[in-house]
Amino acid sequence: MTKLPRTLRWTLLSLMCSSCVMFGQPTWGAGDDARAESGRPHRVVFHLNSGDEKVQRGALNNIKNLYQEFTPQNLTVELVVHGAGLPLLIKKGTPFAAELTELRKTYSVNYTACSNTMKTMKVTREDLIDEVGDTVPAIVRLLERQEQGWGYIKP
């Protein structure tokens, strides 16, 4: 048996290693089939602290878009709102009340209002839309969710 030149041996070894990696991994862009097969639940916390209606609209659109890709059985979303974003959840003033209600009704989206921001803005629980579940410090909730393995999105 003849000995192969050193460069040829390294080339063959590299090809063998890369083919093991390539064939053992799912392909990028596998799309819906890969998501459907995984069936694993996804948990995502959205962090909103903007009073800009375009940013708020974007966050709500992001949530809807996620639910178009995943079933409500495989996706849990929580929207944590604080600072300048808090008016999104206040009955008097939010232009998105109907949409927030529909997201809660259709997909069980959870809404959390920052209790520290509420104190600063002198907002009571009664001032918030009925769909708000919790009023806790936003920074605490965001930390807890990330420690629990939730995905984090800040639109």
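Which residue in β2 is the bridge partner of His42?

What we have here is a predicted model, where local features need pLDDT of at least 70, side-chain atom pairs count only at pLDDT 80 or more, and totals for chains, interfaces and linings use all residues. Residues are numbered from 1 along each chain as its sequence is written, and side-chain values use heavy atoms, with hydrogens and water left out.

Let's start with the sheet. Five strands make up an open, parallel sheet, in the order β4-β3-β2-β1-β5. At the edges sit β4 (132-136) and β5 (151-153), each pairing on one side only. From one strand to the next, the twist averages 25°. On terms: helices (H or I, at least four residues) and strands (E, at least two) are DSSP runs numbered from the N terminus, and two strands pair if DSSP finds at least two bridges between them.

Back to my opening question: the partner of His42 in β2 is Leu75. That belongs to the parallel pairing of β1 (residues 42-48) with β2 (residues 75-81), which runs over seven bridges.

Now for the helix. Helix α6 (residues 138-147) lies across β1, β2, β3 (110-114), β4 and β5, at about 155° to β2. Contact here means heavy atoms within 4.5 Å; axes are lines fitted to C-alpha atoms, for helices over the stretch in contact, and angles run from 0 to 180 degrees between N-to-C directions.

Next, the charges. The structure holds seven salt bridges, each a side-chain nitrogen of Lys or Arg within 4 Å of a carboxyl oxygen of Asp or Glu. In one of them, Arg141 meets Glu78 at 2.6 Å, N to O. Arg141 is in helix α6 and Glu78 in strand β2, so this pair ties together parts 63 residues apart in sequence. Glu78 also forms a salt bridge with Arg145, with the closest N and O atoms 2.7 Å apart. Since Arg145 lies in α6 too, that pair links parts 67 residues apart in sequence.

How buried are these side chains? Buried means under 20% relative accessible area, exposed over 50%, and partly exposed in between, using a 1.4 Å probe and protein chains only. Glu78 is buried at 1%, Arg141 is buried at 9%, and Arg145 is buried at 17%.

Finally, Arg141 has a salt bridge to Asp134 as well, at 3.1 Å, N to O. Asp134 is partly exposed, at 34% relative accessibility. Through shared partners, salt bridges join Glu78, Asp134, Arg141, Glu144 and Arg145 into one network. Thanks, everyone!
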